[in-house]
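Please read this briefing with the sequence and the coordinates open beside it. The points below are grouped by topic, and each can be followed in the model itself.

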Amino acid sequence: MEAKRLTPATGPRPTSNWIVLWGSLTLLLLLVGLYLALLWAPEEATMGIYQRIFYYHVPAAITAFVAFFINLVASVVYLLRRSRIADAWAVASAEVGVVFLTINLITGPIWAKPIWGIWWTWDARLTLDLVLWVMYVSYLLLRQLTPRGELQPRLAAALACFFFVDVPINYMAIRWWHTQHPQPVIFGGPGSGLAPPMYVALAICWMAFMALGYVLLRLRIEQEMDRHALDDAQRALLLEDVGG
Amino acid sequence: MADFRIAWATLTRDVRLELRTRESFNAMLFYALLVVVIFSFAFESEAELTARVGGGLLWVAFLFAGLVALDRAFVREMPGDTLTGLLLSPAPRAALMAGKFVSSFVLMLTIEAVLLPLFAVLFNVSSEVHWGGIVLTVVLGTWALAVTGTYFSAMSIHTRHRALLLPLLLLPVAIPAIISMVQATQVFLSRSGVANYWWKLLFGFDVVFTALGLLLADVVLDVD
């Protein structure tokens with residue numbers, strides 16, 4: 001009898017269609033991107049084969065920044081409206097952002113070692129990336145350590161506002177701090193301007209990452225909403241037991 | 001004006017509680033002293049080294065001691081569940097939060113006032129350094145930590161692993177403030193350059209986060 005009553009919340013999922021569609025599109029883009037980045041795009045003049053990691057490094061960063069921006073908007077909307085869907089967007093985008101920023105932070109040193117001769121330097125951009133990563137990991141930890149319910153999204157949204165205000169201050173502090181130290185040996189990255197095929201490879205890789213990010217985001221949002229539905233159903237059952 | 005009186009009452013109440021019980025203050029102070037003493041074992045306490053990394057050492061010690069003080073800010077309300085009492089009162093949350101900001105600030109400054117001379121002695125800080133500059137940096141930096149830390153302390157009382165979560169929240173957000181306070185202190189310890197830029201940055205951090213903490217006070221101070 002209980003099973004029957006729970007049917008609406010756990011019934012056939014509308015997920016199946018879009019996940020097949022978007023999943024295959026993402027897979028296709030990732031494969032094409034892999035081909036373009038590793039084989040098709042011309043070899044860079046000074047950095048040679050090492051430059052190819054750039055096609056993953058940069059799209060990962062941009063995708064992560066987009067995710068963090070979504071997190072900020074969703075958090076502000078949550079504080080104003082207290083809506084579950086806004087919070088689902090916030091948690092999903094923070095997780096997706098951390099994943100992509102992690103990819104960015106791992107691919108960076110792999111490139112830097114053969115090119116700069118060092119794994120890491122406290123250069124302004126690297127430091128800011130790391131600070132952003134540290135912030136959103138602490139955001140996810142806060143969510144993990146707060147009991148579920150109305151409190152968790154509220155605290156998380158407040159923390160997201162703190163991050164937003166903090167980033168520009170960080171930017172100024174880190175830039176000034178950096179300029180006080182000796183400059184590391186930098187070739188200036190891929191420099192100004194890319195060859196047109198490089199742009200194509202970069203654009204396809206970025207689209208692939210954005211599509212992947214979107215699939216993960218949407219799956220995570222649905223999961224979060226399912227969890228709410230399950231919690232509600234459980235609460236309703238409990239109340240019914242108590243009531244009679 | 002009424003808000004100001006509420007903030008003042010929150011502050012004086014905290015200070016009075018601290019003066020009466022005293023043991024938490026004593027324990028905190030002793031902990032801070034231990035940190036400085038352990039540092040002088042871990043690092044060579046020569047004047048030359050102090051001029052190079054003294055700012056960092058001093059602020060890590062302050063930060064450790066400060067975290068204990070900040071954790072107390074709302075934990076103090078737990079034994080008698082006085083927090084619920086505060087929250088059931090019609091007092092504006094921002095006024096309560098402001099009182100808590102200042103009480104954390106006062107407690108941290110008191111500990112630092114004892115710690116700073118001890119640090120100067122143990123690490124052979126040259127007597128010719130610009131003490132006024134260091135004191136101003138300490139005041140601005142402590143306010144930065146007190147404001148953000150007190151807000152996160154209010155956040156963390158609702159969570160599991162409260163004492164662990166506070167530094168996890170505070171340290172990432174406080175990074176620009178920590179860079180600024182360490183660099184400003186370093187300028188004076190090494191007697192080179194000026195700290196104006198760092199002071200401006202710290203002051204900006206203080207103003208922005210005080211405003212944000214008060215604005216979002218009722219997000220964390222709410223009856224559940």
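**Briefing on the predicted model**

N124(B) is found in the loop that runs between α5 (93-122) and α6 of chain B. The model is a predicted one, and in it the phi of N124(B) is near 50°, a positive value in a residue other than glycine.

**Loop residues of chain B**

- N124(B) counts as partly exposed because it has 16 C-beta neighbours inside 10 Å, a number that falls between the limit of 12 or fewer for exposed residues and that of 20 or more for buried ones.
- H161(B), which is placed in the loop between α6 and α7 of chain B, likewise has a positive phi, of about 50°, although it is not a glycine.
- Is H161(B) buried or exposed? With 12 C-beta neighbours inside 10 Å, H161(B) counts as exposed.

**Packing of α6(B) with α8(B)**

- Helix α6 (residues 131-156) and helix α8 (residues 196-215) of chain B pack with their axes 9 Å apart and at an angle of about 25°, which means that α6(B) is roughly parallel to α8(B).
- The crossing in which α6(B) passes α8(B) is left-handed.

- Helix α3 (residues 47-75) of chain B and α7(B) have axes that come within 9 Å and cross at roughly 150°, in a crossing that is right-handed.
- Among the residues that make this contact are T50(B), A51(B), G54(B), G55(B), G56(B) and W59(B) of α3(B), together with A163(B), L166(B), P167(B), I178(B) and M181(B) of α7(B).
- The residues of the contact of α3(B) with α7(B) divide into 12 nonpolar, seven polar and one charged.
- The axes of α3(B) and α5(B) also come within 9 Å, where they cross at roughly 145°, and the crossing of α3(B) and α5(B) is right-handed.
- In this second contact, residues of α3(B) including L58(B), A61(B), F62(B), A65(B) and L70(B) meet residues of α5(B) including K100(B), L107(B), M108(B), I111(B), E112(B) and F119(B).
- The contact of α3(B) with α5(B) is made up of 12 nonpolar, two polar and two charged residues.

**The largest nonpolar core**

- The largest nonpolar core has 121 residues, and those with the most contacts inside it are L159(A), C205(A) and A144(B).
- Which helix supplies the largest share of this core? Helix α7 (residues 162-189) of chain B does, with 16 residues.
- Leaving aside its neighbours within four places in sequence, C205(A) is in contact with G33(A), A37(A), Y55(A), Y56(A) and P59(A).

**Chain A**

- The secondary structure of chain A consists of seven helices and zero strands.
- Of the 244 residues in chain A, 30% are buried.
- When contacts in chain A between residues at least 6 apart in sequence are considered, 80% of them join residues at least 24 apart.
- P197(A) has its place in helix α7 (residues 196-243) of chain A, and it counts as exposed because it has 12 C-beta neighbours inside 10 Å.
- Not counting residues up to four places away in sequence, P197(A) touches W40(A), A41(A) and P42(A).
- P197(A) and W177(A) are 20 residues apart in sequence, while their C-alpha atoms are 37 Å apart in space.

**Contact of chain A with chain B**

- In the contact of the two chains, 25 residues of chain A are in contact with 25 residues of chain B.
- Both α5 (124-145) and α6 (151-179) of chain A supply at least two residues each to the side of chain A that touches chain B, and the largest share of that side, 16 residues, comes from α6(A).
- The residues on this side of chain A divide into 20 nonpolar, three polar and two charged.

Technical notes: Residues are numbered from 1 along each chain as its sequence is written. Chains are lettered from A and ligands numbered from 1 in the order in which they are written. This is a predicted model: local features need pLDDT of at least 70, side-chain atom pairs count only at pLDDT 80 or more; totals for chains, interfaces and linings use all residues. A nonpolar core is a set of buried Ala, Val, Leu, Ile, Met, Phe, Trp, Tyr and Cys residues joined through C-beta atoms within 7 Å. Helices (H or I, at least four residues) and strands (E, at least two) are DSSP runs, numbered from the N terminus. Two residues are in contact if their C-beta atoms, placed from the backbone, lie within 7 Å. Ala, Val, Leu, Ile, Met, Phe, Trp, Tyr, Cys and Pro count as nonpolar, Asp, Glu, Lys and Arg as charged, and the others, Gly among them, as polar. Axes are lines fitted to C-alpha atoms, for helices over the stretch in contact, and angles run from 0 to 180 degrees between N-to-C directions. Angles under 35 degrees count as roughly parallel, over 145 as roughly antiparallel, 65 to 115 as roughly perpendicular and the rest as oblique. A crossing is left-handed if the near helix is turned anticlockwise from the far one by less than a right angle, and right-handed if clockwise.
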